[in-house]
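Visitor: I would like to learn how to read aromatic pairs in a model. Where do we start?

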Amino acid sequence: EVRRIDELWSSALLDSGGPYLFGEFSIADCMFAPIVSRFTTYQLPLSCVSALYCEEMLRNSAFRAWLDFAKNDPQVIELCEVGQELLD
(Lines give C-alpha, C1' and ligand atoms only; values in the text may rest on other atoms or scores of the structure.)
Protein backbone atom coordinates (compact mmCIF):
# COMPACT_ATOMS: atom_id res chain seq x y z
CA GLU A 1 0.00 0.00 0.00
CA VAL A 2 2.85 2.38 0.78
CA ARG A 3 4.45 1.61 -2.56
CA ARG A 4 1.15 2.25 -4.37
CA ILE A 5 0.68 5.64 -2.70
CA ASP A 6 4.30 6.47 -3.51
CA GLU A 7 3.64 5.62 -7.17
CA LEU A 8 0.46 7.74 -7.25
CA TRP A 9 2.18 10.70 -5.63
CA SER A 10 5.23 10.45 -7.87
CA SER A 11 3.11 10.27 -11.00
CA ALA A 12 0.96 13.25 -10.00
CA LEU A 13 3.97 15.32 -8.96
CA LEU A 14 5.91 14.59 -12.14
CA ASP A 15 2.85 15.33 -14.30
CA SER A 16 2.01 18.58 -12.49
CA GLY A 17 5.54 19.79 -11.83
CA GLY A 18 4.73 20.07 -8.10
CA PRO A 19 5.37 21.16 -5.50
CA TYR A 20 1.97 19.75 -4.55
CA LEU A 21 0.16 16.80 -6.11
CA PHE A 22 -1.58 18.87 -8.77
CA GLY A 23 0.76 21.86 -8.81
CA GLU A 24 -0.96 24.26 -6.43
CA PHE A 25 -2.02 23.23 -2.92
CA SER A 26 -5.45 21.59 -3.21
CA ILE A 27 -8.00 19.39 -1.50
CA ALA A 28 -6.02 16.36 -2.73
CA ASP A 29 -3.09 17.44 -0.56
CA CYS A 30 -5.47 17.93 2.38
CA MET A 31 -6.83 14.42 1.85
CA PHE A 32 -3.32 12.95 1.98
CA ALA A 33 -2.17 15.05 4.96
CA PRO A 34 -2.77 12.22 7.47
CA ILE A 35 -0.78 9.86 5.23
CA VAL A 36 2.10 12.35 5.02
CA SER A 37 2.02 12.52 8.81
CA ARG A 38 2.13 8.74 9.17
CA PHE A 39 4.85 8.26 6.55
CA THR A 40 6.94 10.91 8.31
CA THR A 41 6.30 9.58 11.81
CA TYR A 42 7.20 6.01 10.86
CA GLN A 43 10.01 7.10 8.51
CA LEU A 44 8.77 4.82 5.75
CA PRO A 45 10.96 4.45 2.67
CA LEU A 46 9.76 6.64 -0.19
CA SER A 47 11.04 7.64 -3.59
CA CYS A 48 12.93 10.92 -3.76
CA VAL A 49 9.94 12.60 -5.40
CA SER A 50 7.52 11.53 -2.67
CA ALA A 51 10.01 12.31 0.10
CA LEU A 52 10.35 15.87 -1.27
CA TYR A 53 6.56 16.14 -1.36
CA CYS A 54 6.38 15.16 2.32
CA GLU A 55 9.02 17.78 3.14
CA GLU A 56 7.04 20.41 1.23
CA MET A 57 3.87 19.45 3.09
CA LEU A 58 5.71 19.72 6.42
CA ARG A 59 6.61 23.32 5.51
CA ASN A 60 3.05 24.19 4.46
CA SER A 61 1.39 26.61 6.91
CA ALA A 62 -2.04 24.94 6.68
CA PHE A 63 -0.52 21.52 7.32
CA ARG A 64 1.50 22.91 10.27
CA ALA A 65 -1.64 24.51 11.73
CA TRP A 66 -3.49 21.19 11.45
CA LEU A 67 -0.63 19.35 13.20
CA ASP A 68 -0.42 21.99 15.94
CA PHE A 69 -4.16 21.80 16.52
CA ALA A 70 -3.98 18.02 16.82
CA LYS A 71 -1.05 18.19 19.25
CA ASN A 72 -2.88 20.71 21.43
CA ASP A 73 -6.33 19.09 21.29
CA PRO A 74 -7.42 18.67 24.92
CA GLN A 75 -9.94 15.94 24.13
CA VAL A 76 -8.78 12.49 25.27
CA ILE A 77 -10.73 9.36 24.45
CA GLU A 78 -9.48 6.97 27.13
CA LEU A 79 -10.44 3.82 25.20
CA CYS A 80 -8.26 4.92 22.29
CA GLU A 81 -5.11 5.66 24.26
CA VAL A 82 -2.15 3.32 23.97
CA GLY A 83 -1.98 0.89 26.88
CA GLN A 84 -5.66 1.23 27.80
CA GLU A 85 -7.84 -1.84 27.95
CA LEU A 86 -10.71 -1.69 25.45
CA LEU A 87 -12.97 -3.86 27.52
CA ASP A 88 -12.57 -5.06 31.10
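Guide: With the pairing rule: rings of Phe, Tyr and Trp pair if their centres lie within 6.5 Å. This is a predicted model. In it, Trp9, Phe32, Phe39 and Tyr53 form one aromatic cluster.

Visitor: How many aromatic pairs does the rule give?

Guide: The count comes to 5 aromatic pairs.

Visitor: How is a pair of aromatic rings described?

Guide: By the distance of the centres and the angle of the planes. Take tryptophan 9 and phenylalanine 39: 5.4 Å centre to centre, with 55 degrees between the planes. That pair is tilted.

Visitor: Which parts does this pair tie together?

Guide: Tryptophan 9 sits in helix α1 (residues 2-16), phenylalanine 39 in helix α2 (residues 27-41). The pair therefore links parts 30 residues apart in sequence.

Visitor: Are tryptophan 9 and phenylalanine 39 buried or exposed?

Guide: Buried means under 20% relative accessible area. Tryptophan 9 has 1% relative accessibility, so it counts as buried. Phenylalanine 39 is buried too, at 8%.

Visitor: What about phenylalanine 63 and tryptophan 66?

Guide: Their ring centres are 5.6 Å apart and their planes are at 45 degrees, so this pair is tilted.

Visitor: Where do phenylalanine 63 and tryptophan 66 lie?

Guide: In helix α4 (residues 61-72). They are 3 residues apart, so about one helical turn separates them.

Visitor: And how accessible are phenylalanine 63 and tryptophan 66?

Guide: Phenylalanine 63 counts as buried, at 2% relative accessibility. Tryptophan 66 is partly exposed, with a relative accessible area of 37%.

Definitions and conventions. Residues numbered from 1 in each chain as written. Predicted model: local features only at pLDDT ≥ 70, side-chain atom pairs only at ≥ 80, totals over all residues. Heavy atoms only, no water. Phe/Tyr/Trp six-rings, centres within 6.5 Å; stacked < 30°, edge-to-face > 60°. Helix = DSSP H or I, 4+ residues; strand = E, 2+ residues; numbered from the N terminus. Buried < 20%, exposed > 50% of the residue type's maximum accessible area, 1.4 Å probe, protein only.
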